[in-house]
Amino acid sequence: MYAGKCILAPMVRIGTLPTRLVALEYGCDLVFTPETIAYKLSKCRRVTRPGGLIDYVHTKSTTDGPNREELVLRLHERERSKCILQLGAADPETAYSAALLVKGDVLGVDLNCGCPKRFSTHAGMGAALLRDPDRLCSILRKLGTVMPVSCKIRIFPELQDTLSLVKRLSSETPIHSLTVHCRTAQMRYDTPANWNVLKEIRRVLRHEISLVMNGDVLLDVSHGTKDMLLKSMKQEYMADAVMIGRAAQTNLSVFSPDGKLLDLTQVHTKYLQTAWETRNHHANTKYVLIQSLAGIEPKTPEQKALIRLLYGSKSYKDLFAIYGIIFDDDNHLVYDDPYGESGEQYEEGYTREQQDKRLESQVNSILE
């Protein structure tokens, strides 16, 4: 199902709807949602909004006022045939309920089995599943009764442990694709991914299961066109597809079929317009634009100045002014999301204030 495709990786806060739509427009074959927690999603109701928007909304009880509507996941009818829902789940029944709710709005479902963050692991999700293959396999079997299912794992420090897990996934679950982030759960991005492990994994993986490479993919354009990249990874590492994260975070035109990156201002302008059209929360739009620039090293004084302006923005009107986009009527720039601040989807395990503090610290570090 994923074979021969370039795929947008699931990225927390980055892979929201406008990122996915722009990636598809630039030539991406499939897009993953950010990890969505199955427990929270299973309690949502589906709401359709003008312009093709499909929202999954959770009603949150409060002790000091009326109940609050929280946006958990936003999809679009334009991505229905190319979007994969990535779930964070710790038990089969909750995963099943969440997937059943979204069935019909996405192409398939992927189980996150690699996230090393404490929020996931202490709840039995993400990388914790790597050490509990019985539960991992049971969740995948249950998800496979709803729609096409895949999973994304990290490798173990010892090759044999990785191969033992892959053998079980291959023989005991209905997955059609396996994505391997070629780092251990303990490794961070400053440690190069170990692509060579893919050749060993391919030898024990059922031949009809697509093997997807993830980790340090396409950090430059040395492989030329998209087709050339896929052919090279197939020949050298036996990978059937590639999944791209950080390179796409920096410049979404990385998916261009001819392998040529577009000017970042052009990419940002398209992203910003798409974000406005899809009613993406201003805070998330600002965050994604800043992260695009944060991935560039070294940064020019002009890029640092742009980060400063973006961080200081308070509205879409500010963002459009930064990029010189003019509307005849300022009323067009009035944000009208019914979810208010809860429309900004923050990383699970962090409060809004904690997320804002982390961004402030990052920006200050860049501008020093």
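Predicted model: local features only at pLDDT ≥ 70, side-chain atom pairs only at ≥ 80, totals over all residues.
Me: Before we start, what does contact mean here?
Reply: Contact means heavy atoms within 4.5 Å.

Me: OK. Start with Cys6. Where is Cys6 found?
Reply: In strand β1, residues 6-8.

Me: Is Cys6 buried or exposed?
Reply: Buried. Its relative accessible area is 2%, and the cut-off for buried is under 20%.

Me: How many residues apart along the chain are Cys6 and Asp240?
Reply: They are 234 residues apart. Yet 9.8 Å separates their C-alpha atoms.

Me: New topic, the core. Which residues touch the most other members of the largest nonpolar core?
Reply: Leu41, Leu87, Leu111, Ile153, Leu169 and Leu178. That core has 110 residues.

Me: What tends to happen to nonpolar side chains in soluble globular proteins?
Reply: They tend to be buried together.

Me: Now α5. Which residues of helix α5 are buried?
Reply: Leu136, Cys137, Ser138, Ile139, Leu140 and Leu143. The helix covers residues 133-143.

Me: What do the buried residues of α5 pack against?
Reply: Three strands: β7 (83-88), β8 (108-113) and β9 (149-154). Two helices as well: α3 (92-102) and α6.

Me: Stay with α3. At what angle do the axes of α3 and α5 cross?
Reply: Roughly 30°, and they come within 9 Å. The two helices are therefore roughly parallel to each other, since angles under 35 degrees count that way. Their crossing is right-handed.

Me: Which residues make the contact?
Reply: From α3, they are Pro92, Glu93, Ala95, Tyr96 and Ala99. From α5, they are Ser138, Ile139, Lys142 and Leu143. By class, that gives six nonpolar, one polar and two charged residues.

Me: And α6 with α7? At what angle do their axes cross?
Reply: Roughly 35°, with the axes coming within 9 Å. Helix α7 is residues 197-204. The crossing is right-handed.

Me: Which residues make that contact?
Reply: α6 brings Leu159, Thr162, Leu163, Val166, Lys167 and Ser170. α7 brings Val197, Glu200, Ile201 and Val204. The classes are six nonpolar, two polar and two charged.

Me: One more helix pair. At what angle do α11 and α12 pack?
Reply: About 165°, with their axes 10 Å apart. α11 is residues 282-294, and α12 is residues 301-312. The pair is therefore roughly antiparallel. α11 passes α12 in a left-handed crossing.

Me: Which residues make the contact there?
Reply: Lys286, Leu289, Ile290 and Leu293 on the α11 side. Gln303, Leu306, Ile307, Leu310 and Tyr311 on the α12 side. Seven are nonpolar, one is polar and one is charged.

Me: What about the loop between α11 and α12? Which residue is found there?
Reply: Pro298 is found in that loop. The peptide bond from Glu297 to Pro298 is cis, with omega near -10°.

Me: What are most peptide bonds?
Reply: Most are trans. Likewise, most residues other than glycine have a negative phi.

Me: Then where is Asp216 found, and what is its phi?
Reply: Asp216 is in the loop between β11 (210-214) and α8 (226-237). Its phi is positive, near 65°. Asp216 counts as buried, at 19% relative accessibility.

Me: And Met238, what is its phi?
Reply: Positive, about 65°, although Met238 is not a glycine. Met238 lies in the loop between α8 and β12 (241-244). Met238 is partly exposed, with a relative accessible area of 31%.

Key
Residues numbered from 1 in each chain as written. Heavy atoms only, no water. Axes fitted to C-alpha atoms, helices over the stretch in contact; angles between N-to-C directions. Helix = DSSP H or I, 4+ residues; strand = E, 2+ residues; numbered from the N terminus. Parallel < 35°, antiparallel > 145°, perpendicular 65-115°, else oblique. Left-handed = near helix turned anticlockwise from the far one by under 90°. Nonpolar A, V, L, I, M, F, W, Y, C, P; charged D, E, K, R; others polar. Buried < 20%, exposed > 50% of the residue type's maximum accessible area, 1.4 Å probe, protein only. Core = buried A, V, L, I, M, F, W, Y, C linked by side-chain atoms within 4.5 Å.
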